[in-house]
Amino acid sequence: MKTTKRTLLAGLLALGVASAVASPVFAQQRTEIQFWHALSGVLGERVDEIVKRFNASQDKYTVVATNKGNYDEVMNSTIAAYRAKKAPQIVQVSERGFMSILLSGAIVPVQDLMAEKKKQIDFGDFVKPVASYYQYKGKLMSMPFNSSTPILFYNKEQFEKAGFPNGPSEIYGEFDKQLYAIKSKGIAECGTSIANDYFWSMLENYSTVNDQPWGTRSNGYDGLDTEFVYNKSRVVGQVARLQKWINDGVALIAGQGLSPEQLFTSGKCATYFASTAAHGSIERDPKIKWGATYLPHEADLTARNSSIGGATLWVIKGHKSVEYDGVADFLAFVASPDLQLWWHKVTGYVPITNKAYQMAKAEGYYKDHPTREIAILQLNRGTPTANSQGFHFGNYIQSTFALREEMEAVFANKKTPQQGLDDAVRRGNDLLRQFEKLNAGKY
Amino acid sequence: MSTAGLKRAHYKEGWIPLLLLLPQLLVLLLFFFIPALRALSQSFVITDPFGGNFQFVWFDNFRALLASPEYRSSVGVTVWFTLAQNALTIFIALVFAFATDRVVRGRGLYRTVILLPYAIAPVIAGILWAFLFNPYVGPLAFVLKGMGIAWDPNRSGVDAFLLVTLAASWKHICYDYIFLVAALMAVPPSLLEAAAVDGAGPVLRFFKIALPMIGPTIFFLVAMNFVYGFFETFAIVDAVTHGGPGGATMILVYKVYIDGFVHINLGSSAAQSVLMMIFALALTVVQFRYVERNVNYDV
C-alpha cells in the first residue's frame, strides 16, 4: 500500500517536472478562439473555409468555428454559456437580435476593440445601410459578416409567355396585374411563392423601400420609448394585397415540410421575393430560366434603399487580452476586401465594403452575373432616411414572432389586415415596454 | 381482499423506509421540487436573458398573461385539444381492443401493426403527418382535394388543429390499446358466457358487462391521456405546425417552450409553467373527485 502511494507520488512529481520543462514549448502553442455561428450546409462549409484560410495565414491563433444550430439556437447557447462563464469569444447574431445583445452588457464593441488593438479598418467604407444598422452612437458595435437584402426573383419564360418581355414591373399596381395575368392564362400555377421570411422581404422591406415608418423615434434609433406604428402606414395596404393574393391563389404558402424556393425553382410559381443570398442555391440547380430585379414599390412614392438582413459577429467580453488580439486579427481578416469579394461570389451575400464592391465591378464580375449587383444597387439607392436606416427595437425577435402569428390569422381570413396589424402592434409594444423597463437608462 | 394484512406488514423503525425511499425522493427533489421552486421564484421577476439585471415585479407576469388574448386562446386550444385527443384515442383504442378478440387469423400481426406507432419518435410521426397532409405534395391531401374538400393546414386553423389532434391521437392509440386489451382479457369469460346463454349479443355483452368491468382502466387511461396531451405532444406540434397558423395549435406547453427557450422571456415562461402546474393539479383533483366516483373498483 505504502509503496504504491510512493510510486504514485514519484510519478506525479516526475510529471510535474516534465510539464515544467515542456512549458516553454507550450507557451508557443496557438491560442484558441471559439467562434459560434448559425450557418449550415453550403454556407457552413464556406465559413469553415474562411477559418481554414485564417488559421493557415498565421501561427499564433487557431479559430475554431462551430455551428450551433439556427440563429435562435446560437443565441440561446451563447446565453447559457455566458451564464456558465464558458462563452465563446465570437458569436454570430442576426440583425433582429441587435438591441438585445447590445444592451446585454456581455459584449465588447467591435470598433473599440479594433481601435484598442490598432487594426487599420476604414469604418467609413462600409456600405451605408449595413453600417447604419449596426451602429450605436456613431460606432460600429459588431463586425458585419453576412449581409443580404431581398430582391425579386422571377421566371423569365413565364413572364415572356404572358407578354411581359421586360420582366416584372417595378410598380406594384402593374406587378399585381402581371401576376394575375400569369395565373389566369394558366402559364404558372401561382404568381408568387411566399418565402419563410416574408415578414422581412415583403413587409419590413416594403416599409423601408417606400419610406414608411415602422416605429416612432426613427425606428427605435433615438430611444427605447419607441412604439410600432406600422398599423398606421401603407403597410396595411400591402398586407391587404398579400391577403388577396393568397385568397385568389396568386400567392402560395409552402408550409411545413416544403421549401418555398422549390415552388419557384420547379416553375410552379412565377416569382419569389427572397434574400439575394438565395442566389447560391438557385444558381446551383437551374431547372428554369430565371432573372432577378428590384423590389416593386408604390407608384406615388419614391423608391428608397431596402433594408438588410443577415448577421454580424459580436465579441463577448470576459476573455484574456491575448485572445482578443486574435479576435481582432480574425475580424480584420473577415472585413478585408479580398475575403469579402470571395465571400460575395460564393454565397450571394452582398460585399460589406464599397472597396470589395468596386473590386468586383472592376474585374467585370457583374457583366457575367448581373443579378448579383441588384442587391447592392438597391441598398445604395438614395440616402437612408429615418425610416430606411434599419430597425432598432428591443425584444425584436419576439415581436417578429407576434407579427407572423397575426399575419397567419390574416392569411386565414380570421382577421382583417387592419385587425391583424393592430394586434401585432399591441403585442409588439408590450414587448418594447418590457424591454424599456428592464434596460431603463442604458440606451 | 382485506387490508389488515397489509397494515401489519410495516417496518418498526422509522429510518429503514426513509432510507429505501431516499433514492426516489432525491430524484424528485432534483428533477421536480427544485425546478418547480425555481420556476416559482422566476415567475415574479423580469430578467435580461444574459442575467445582467433583473427586476422583481410581483404578479406582473401573471397579470400580463391573464390579460393577454393570446394566452387565453392558448388555454382554449389546450382544453379542446386534450379533450378531442382523449376522446378519439380512447374510442379508437377501444374499438381495436374489442375487435382483437374477434380476429381469428393473424391476431399477432394485427396487434403488432397497431403497436407500431408507439415505436416511432414523436418528431418523425409529426413530420410524417405534416408531409402526408401537405396541401401541395401530400398524397392524403390529394385524396381530400379529390373529394372536393378544401384542405390547407398552413392557412386554416381548424385544419391544422385537426391534423395535430389526429397525429397526437395516432401516436397514443397503441398505448391505450395495450391496457384495454389486457383489461378486456381479464373480464371473466364465465360472466360473458352466462350473458350469452341468456341471449345477449356481442355488443350488448360489451356495453353491459365488459365496459363496466374495465372502468378503472379507462379512468386510468383518461388521466394518462390528459398528461400526454398536456405535456408530451410538444414534439408533434413542433414538427407539424410550430403552433400555427395564427396560434391555432399553440398549446400551453408549446407556448412555454417558445417564450422560454426560443425567446428567452424567462419571467413570462416561468409564470406560464406555474399556471400550468396549477391547471394540471386542478384537473387531477376534479378527475379523482368526480369521475372516479362513477368507477367501480370491486371486481
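**Exercise 1. Two helices of chain A**

Task: Determine the handedness of the crossing of H9(A) and H11(A), and then describe how these helices pack.

Solution. Step 1: H9(A) and H11(A) cross in a right-handed manner; a crossing is right-handed if the near helix is turned clockwise from the far one by less than a right angle, and left-handed if anticlockwise. This is a predicted model, in which local features need pLDDT of at least 70, side-chain atom pairs count only at pLDDT 80 or more, and totals for chains, interfaces and linings use all residues. Residues are numbered from 1 along each chain as its sequence is written, while chains are lettered from A and ligands numbered from 1 in the order in which they are written.

Step 1: Identify the helices. H9 covers residues 198-209 of chain A and H11 covers residues 235-247 of chain A; their axes lie 10 Å apart and the packing angle is about 150°. Helices (H or I, at least four residues) and strands (E, at least two) are DSSP runs, numbered from the N terminus. Axes are lines fitted to C-alpha atoms, for helices over the stretch in contact, and angles run from 0 to 180 degrees between N-to-C directions.

Step 2: Classify the angle. H9(A) and H11(A) are therefore roughly antiparallel, since angles over 145 degrees count as roughly antiparallel, under 35 as roughly parallel, 65 to 115 as roughly perpendicular and the rest as oblique.

Step 3: List the contact. H9(A) supplies A:Met202, A:Leu203, A:Tyr206 and A:Ser207, and H11(A) supplies A:Val235, A:Gln238 and A:Leu242. Two residues are in contact if their C-beta atoms, placed from the backbone, lie within 7 Å.

**Exercise 2. Two helices of chain B**

Task: State how H8(B) and H11(B) are oriented relative to each other.

Solution. Step 1: H8 (residues 157-185) and H11 (residues 215-232) of chain B pack at about 160°, with axes 11 Å apart. Step 2: Because of this angle, H8(B) is roughly antiparallel to H11(B). Step 3: The crossing of H8(B) and H11(B) is right-handed. Step 4: Among the residues making the contact are B:His172 and B:Phe179 of H8(B), and B:Leu221 and B:Tyr228 of H11(B).

**Exercise 3. Cores and domains**

Task: Which residues touch the most other members of the largest nonpolar core?

Solution. Step 1: The largest nonpolar core has 137 residues, of which A:Phe153 and A:Leu331 touch the most other members. A nonpolar core is a set of buried Ala, Val, Leu, Ile, Met, Phe, Trp, Tyr and Cys residues joined through C-beta atoms within 7 Å. A residue is buried if 20 or more other C-beta atoms lie within 10 Å of its own, exposed if 12 or fewer, and partly exposed in between; C-beta atoms are placed from the backbone.

Step 1: Helix H19 (residues 396-411) of chain A gives this core its largest share, eight residues. Domain 1 and domain 2 of chain A each contribute at least three residues to this core.

Step 2: The contacts of A:Phe153, apart from neighbours within four places in sequence, include A:Phe264, A:Tyr272, A:Ile282 and A:Trp290. A second, separate core holds 25 residues, including B:Ala130 and B:Tyr254.

Step 3: Chain A is divided into domain 1 (30-147 + 309-368) and domain 2 (150-306 + 396-438), with bounds from an automatic or database domain assignment. The C-alpha centres of domain 1 and domain 2 of chain A are 28 Å apart, and 10 residues of domain 1 are in contact with 11 residues of domain 2.

**Exercise 4. Where the chains meet**

Task: How many residues of chain B are in contact with chain A?

Solution. Step 1: 30 residues of chain B are in contact with 26 residues of chain A. Step 2: On the side of chain B that touches chain A, helix H6 (122-132) and helix H13 (252-262) of chain B are the elements giving two or more residues. Step 3: H6(B) gives the largest share, three residues.

**Exercise 5. Buried or exposed?**

Task: Is A:Thr293 partly exposed or buried, and is B:Ala282 buried or exposed?

Solution. Step 1: A:Thr293 is found in strand E12 (residues 290-293) of chain A. Because 19 other C-beta atoms lie within 10 Å, A:Thr293 is partly exposed.

Step 1: A:Thr293 and A:Ile151 are 142 residues apart in sequence, yet 6.2 Å apart in space, C-alpha to C-alpha.

Step 2: B:Ala282 lies in helix H14 (residues 266-291) of chain B. B:Ala282 counts as exposed because it has 10 C-beta neighbours inside 10 Å.
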